[in-house]
Amino acid sequence: MKKTINNRAWFLIAPVVIVVLFSALLPVMTVVNYSVQDAMAENHFFWNGDTWFRDLLDPSTEIGARFSGALERNLIFSFVILLIEVPLGIALSLALPRRGWAVGPSLVLIALPMLIPWNVVGTMWQIFARADIGLFGAALNGLGLNYNDTQDPVSAWFTILVIDVWHWTPLVILLSYAGLRAIPDAFYQAARIDAASRWAVFLKIELPKLQRVLVLAILLRFMQSFMIYTEPFVVTGGGPGNATTFLSIDLVKIALGQVDLGSAAAMSLVYYLITISLCWIFFTAMSQLDMLKEA
Amino acid sequence: MTRGVLPKLGLVLYLVCLFLPIYWLINMSLRTNEDIMSGLVIWPRHPTLIKYFFIFHDPTWVHAFLVSLTYVAINTVISVTVALPAAYAFSRYHFIGDKHLFFWLLTNLMAPTAVFALPFFNLYYAVGLFDTVWAVALAHCLFNVPLAVWILEGFMGGVPREIDETAAIDGYSFWRFFVRIFLPLIANGVGVTAFFCFMFSWVEQLLATTLTATKALPFAAVMSRSYSASGMDWSLLAAAGVLTMIPGALVIWFVRNHIAKGFALGRV
Amino acid sequence: MARIDLVDLAHSYGGNAADPSSYALKPVTMTWRQGGAYALLGPSGCGKTTLLNLISGIVTPSRGKILFDGVDITPLSTQKRNIAQVFQFPVIYDTMTVGQNLAFPLKNRGVPKGEIDVRVAQIAKLLDLTPDLDRKATRLTADAKQKISLGRGLVRSDVAAVLFDEPLTVIDPELKWQLRSKLKALHRELDLTMIYVTHDQTEALTFADTVVVMHDGRVVQSGTPAELFDKPAHTFVGYFIGSPGMNIVPAKVRGREAQVDGHVIALNRSYDKLPAGARIEIGVRPEFVDVAAPAPGLISANIERIDDLGRVRFARLRVGDVKFAARVPPGFSVPGDVAGLIFDPSRVHVYADSLLIEGTK
């Protein structure tokens, strides 16, 4: 679609910019400020330059090791949940009924996990995963597995992954389902006339038409999983040891637990920049793809 | 177009797995703590609504529930209202810095809330909004407004430009066209966007808890308090947890048709 | 390539076969001969797309059978029916090039690569798509995309029939004309049975050698354009085909005479056994009624306006309460507000409850 050049469009954008700037600008500046200073005494700061950053990015320092550890865990976590949730969500959206009485109830049930406040999700799974009073924990132990999400790192990881898949696959399902419903019937009819196999229909019609909703789903899932905080905080507290200490959890430990504001601020900036860069790469790749198509 | 039993079977299995943790929460909310600790039961033996009555009769819980609903509603209205014209601009025009601005908006979705909790506290304290529903409603705009712009832009991309041009030729002023012709065309998109705003504002707790103290304490924060205060009152927590699902369930019931109608965020 | 027979075929979308009033397609029995160019003509909602989708197997009929060369294929799926169909709006596969789009139906059927290349090149040439063969199909205009859809319909040489569902809706008028002539040429060249659905009579009459007119879920007449013009079997055909449409006027008919508004019109045939209680009308095309100066014995009509179509002029009149159109003979100047009408008796048809009645000599 061709767009016209019109700089007055800025007037339409202005309200958004004002609302978002109000919430975004000062906090970011505060964080930048902390990241280059050190506190001597109460409310007495002096310039500390890039010391925090150098420590942070050097894995031989204590803070550097912590950071690279948490970063690695977080990247693996985000990668694994995307690998599970996206294909699973697409597959389930294909299996969902397209018409009939079952559509409404299925959609409501599927969306339910997303609509529960995050600490409630945490609490819920904290109970559910317990071996004594939780069905999940009890069932796994009943199967003869040595499952304990607060003592055993493998159990803890497994639990956090299961929670995330339970919590967020619905987002992929709903977006993908909506994308599928937008494909006109004529495409399916033409595919039948052309004797396309089910697999070809998926690859040549459905997947290309789902592109934009899937970009939204993947980016949202990546951002949120990369910032995951509440669920592991409530369920495992980042442990055992620091097996499930993801970036946000570590950050809060440093900032509020150890009141090491300089390190925490430097860490959050680097963390933020990593998120932005990864999303930017993905975003650019996707818009390049769009441009190629529309050129 | 999917045929066969296998996909349906998979779907049913998934739905069962999905519902199990929720069922477990409901199950526990209907039992007393002694009953819960005494062992695992699939069906509550002596179901009781006592914890629900307790919550309904405690003004702290009721007030907190209303507070949560209020800031979510304010946030949804603000987010959708400011995002509509912006999304239109992004979908229809090229202007200086459009791509960078769009990406800058998206970066706000990526800001780890844990990072900003403390500076947010300072900011809202300074402007005197601390411990009001407005603080939470505005803070949630940080990620809901960009998300709303993004989703709405996708919907608007699916509306042919010819419609704008025809309206202009027919002598509609921009705003009259926007409200009378354009909005009804993307009503589906507004519904879906409002749903997402509602959802992310309702479930976010870190900022909501940080920016409030007593007067505007959200429901879920009251929950966290209650478990540090009186040991683990599992039954009460479960009952409160079940209650937090109800507004979400109602909202999704209202937008289910928008989702079932389908959207591709752009032209198909 | 095949002869297609429809035997008592009917369809109801609600699936309630017991209630004939719910039928989107009322029971029809007819034959489409091999190699014919058919047009399925009728206003929107008359059931023409339903009929098309029944033949291609996209819709399964509530009752009746479809035979290809005498073999019942009703239970077969679309894939197995060997039918090609082109839809109203372009359907293209986004990720493929134009060439791959054209080759897709052949590839899926396991046609050898060499054969595919030859066929694709041939079709691309016929549709002027050769320069675009290696381009991504999404980058083309709506016109070109629809040409790809047409191409995918025509690329298979062994199909029983090619079905077109208003395929030129999205095409510019100029190109529409070209593509229609092209389709006609392709029909001659490829010797395919083609069924073309449209609501546009010009499109139908120029494309087809047999036009099937549908109205309200029913096939009301099937014939050559000339037959439809000269002898409409149903008042709807008379009214829908021709511009202006046929004059349909309530009348009392007895023997070789029709009475309209107290005037007598002579008929060429005798109508003695008209169904009792039926609504009787006479129908006559404007081309066969001449406007003349008022005279005793002629039906008199009030002139409302004269339409000058260049080649021919038509007077819009009123006979009593009924609107009427008639030809103004060349060189005749209209005398005033009132004119007399001269009928060609051999062209006046009698209809009972909208259906043509054959009189006796």
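**View 1. Chain B is divided into two domains, domain 1 (1–48) and domain 2 (50–265).** The domain bounds come from an automatic or database domain assignment. This is a predicted model, in which local features need pLDDT of at least 70, side-chain atom pairs count only at pLDDT 80 or more, and totals for chains, interfaces and linings use all residues. Residues are numbered from 1 along each chain as its sequence is written, and chains are lettered from A and ligands numbered from 1 in the order in which they are written. The C-alpha centres of domain 1 and domain 2 of chain B lie 30 Å apart. Domain 1 of chain B puts 9 residues into the contact, and domain 2 of chain B puts in 9 residues; two residues are in contact if their C-beta atoms, placed from the backbone, lie within 7 Å. On the domain 1 side, α1 (5–29) and α2 (33–37) of chain B each supply at least two residues. Helices (H or I, at least four residues) and strands (E, at least two) are DSSP runs, numbered from the N terminus. The largest share of the domain 1 side, 4 residues, comes from α1(B).

**View 2. Chains A and B have the most contacts among the 2 pairs of chains that touch.** Chain A contributes 82 residues and chain B 88 residues. Helix α1 (residues 9–35) of chain A gives the most to the chain A side, with 15 residues. That side of chain A divides into 64 nonpolar, 14 polar and 4 charged residues. Here Ala, Val, Leu, Ile, Met, Phe, Trp, Tyr, Cys and Pro count as nonpolar, Asp, Glu, Lys and Arg as charged, and the others, Gly among them, as polar.

**View 3. Strand β1 (residues 4–5) of chain A pairs with strand β1 (residues 93–94) of chain B.** The two strands run in the parallel sense over 2 bridges; strands pair if DSSP finds at least two bridges between them. A:T4 has B:Y93 as its bridge partner in β1(B).

**View 4. In chain C, 6 strands form an open sheet with mixed pairing.** The strand order is β6-β7-β8-β3-β9-β10. β6 (83–86) and β10 (218–223) of chain C are the edge strands, each pairing on one side only. From one strand to the next, the twist averages 20°. Axes are lines fitted to C-alpha atoms, for helices over the stretch in contact, and angles run from 0 to 180 degrees between N-to-C directions.

**View 5. Strands β3 (residues 37–41) and β9 (residues 210–215) of chain C run parallel, joined by 4 bridges.** C:L41 stands opposite C:V213 in β9(C). Helix α1 (residues 48–56) of chain C packs on the sheet and touches β3, β6, β7 (161–165), β8 (194–198) and β9 of chain C. The direction of this helix makes about 150° with that of β7(C).
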